[in-house]
Amino acid sequence: MTNTSTQSAADTLIVALDGRDISEARNWAAACEGIAGWMKVGMTLYYHYGPVAVEDFLAMGYRIFVDLKLHDIPHQVEGAAYVLGKLGVDMFTVHALGGPEMMNAAKRAAERGAAEVGRPAPMMVAVTVLTSMADETLHQVGIGGTTNDEVGRLAYLAVENGADGIVCSPQEARLVREVIGEGYAIVTPGIRPSWAGSDEPDDQARITTPAAALEAGATHLVVGRPITQHIDPMAAARLLVDEIEQV
């Protein structure tokens, strides 16, 4: 469990560095210095550059969320989580569908890796249903019921097996908070502020505004394109923080 009751607006905002060019990602991070508290390193950037993609942003003073969505047999996920813990990340993702043994192995390994380098244990947050998916998509892969059913089931399973929080669509944040209770993080991608516009295609099906997500129980907002594709990323990040502070 984690204490998020006193965190600042900066510590609520996670800027998603989802491109593949590390120079571009450094520019985005530099633009957000002193405004956002977190950077998210996604799999495209991490798979291209490896640990350097984390170390650079740690050196800039950011907290780092590595979003690799670990999902494999427990032994493999244990090894990956150990590496991330030793690297000094502050948060990482696993897929709740990996099951209890996998999640518990990841949690223990990340704690062990962090302890070896004198770092606090990273938060392990579990992915429930990807924000690109809807009921029809779940049915296509053989999962019955609704998106809400699956999110709630997986959220409960995750926190019972070591997760410090849940990654879910902001549209399910209220449901997740009801299922897992207080004291856990709820990390929501799919954040689209009203000023961001909608000219570009969006591969996330379940989105909402920062205010709506926070009011529903989210503790961390993951925002990518509204900041990184804005003509002025610094101004966009400030707008986001201002919007968070008004909630």
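Helices (H or I, at least four residues) and strands (E, at least two) are DSSP runs, numbered from the N terminus. I'm working with a predicted model, where local features need pLDDT of at least 70, side-chain atom pairs count only at pLDDT 80 or more, and totals for chains, interfaces and linings use all residues. Residues are numbered from 1 along each chain as its sequence is written, and side-chain values use heavy atoms, with hydrogens and water left out.

I began with strand β6 (residues 165-167) and strand β7 (residues 185-188), which run parallel and are joined by three bridges. V167 has V187 of β7 as its bridge partner. Helix α9 (residues 173-180) lies across both strands and runs at about 160 degrees to β7. For that angle, axes are lines fitted to C-alpha atoms (for helices over the stretch in contact), and angles run from 0 to 180 degrees between N-to-C directions. Contact here means heavy atoms within 4.5 Å.

Zooming out, I found a closed barrel of eight strands, in the order β1-β2-β3-β4-β5-β6-β7-β8, with parallel pairing. From one strand to the next the twist averages 25 degrees. A reminder to myself: strands of a sheet pair through backbone hydrogen bonds, either parallel or antiparallel.

How many residues of β1 are buried? I get five of five for strand β1 (residues 13-17), which makes β1 mostly covered. Buried means under 20% relative accessible area, exposed means over 50%, and partly exposed is in between (1.4 Å probe, protein chains only). L13, V15 and L17 point one way from β1, I14 and A16 point the other way, and all are buried. In a regular strand the side chains alternate between the two faces of the sheet.

β1 runs parallel to strand β8 (residues 220-223), with three bridges between them, and L13 sits opposite L221 in β8. β1 also runs parallel to β2, this time with four bridges, and V15 faces M39 in β2. The chain goes from β1 through helix α2 (residues 22-31) to β2 in a right-handed β-α-β crossover. Right-handed means that, with the strands pointing away from the viewer, the path from the first strand over the helix to the second runs clockwise.

**Entry: β3**

Next I checked β3, where six of the eight residues are buried, so β3 is largely enclosed by the rest of the structure. Strand β2 (residues 38-42) pairs with β3 in the parallel sense over five bridges, and M39 is opposite I64 in β3. β3 and β4 run parallel too, joined by three bridges, with V66 opposite F92 in β4.

**Entry: helix α5**

I tested the length of helix α5 (residues 74-87): at 1.5 Å a residue its 14 residues should span 20 Å, and the end C-alpha atoms are 20 Å apart, which agrees. The expected span is 1.5 Å times one less than the number of residues.

Which residues of α5 are buried? They are V77, A81, L84, G85 and L87. They cover an arc of only 155 degrees around the axis, which puts them on the same side of α5; the arc is that of the directions from the helix axis to the C-beta atoms. They pack against α3 (43-49), α4 (52-59), β3 (63-70), β4 (91-95) and α6 (100-116).

H75 and E101 are 26 residues apart in sequence and 9.6 Å apart in space, C-alpha to C-alpha. After α5 comes G88, with a positive phi near 95 degrees.

**Entry: helix α6**

α6 has 17 residues and reaches 25 Å from first C-alpha to last, close to the 24 Å expected at 1.5 Å a residue. Its buried residues include M102, M103, K107 and G113. Among the elements covering them are β5 (123-127) and α8 (147-159). G118 follows α6, and its phi is positive, near 70 degrees.

**Entry: I231**

Last stop: I231 lies in the loop between α11 (225-228) and α12 (233-245). Buried or exposed? I231 is exposed, with a relative accessible area of 83%. Its C-alpha is separated by 43 Å from that of N104, 127 residues apart along the chain.

Terms used: Two strands pair if DSSP finds at least two bridges between them.
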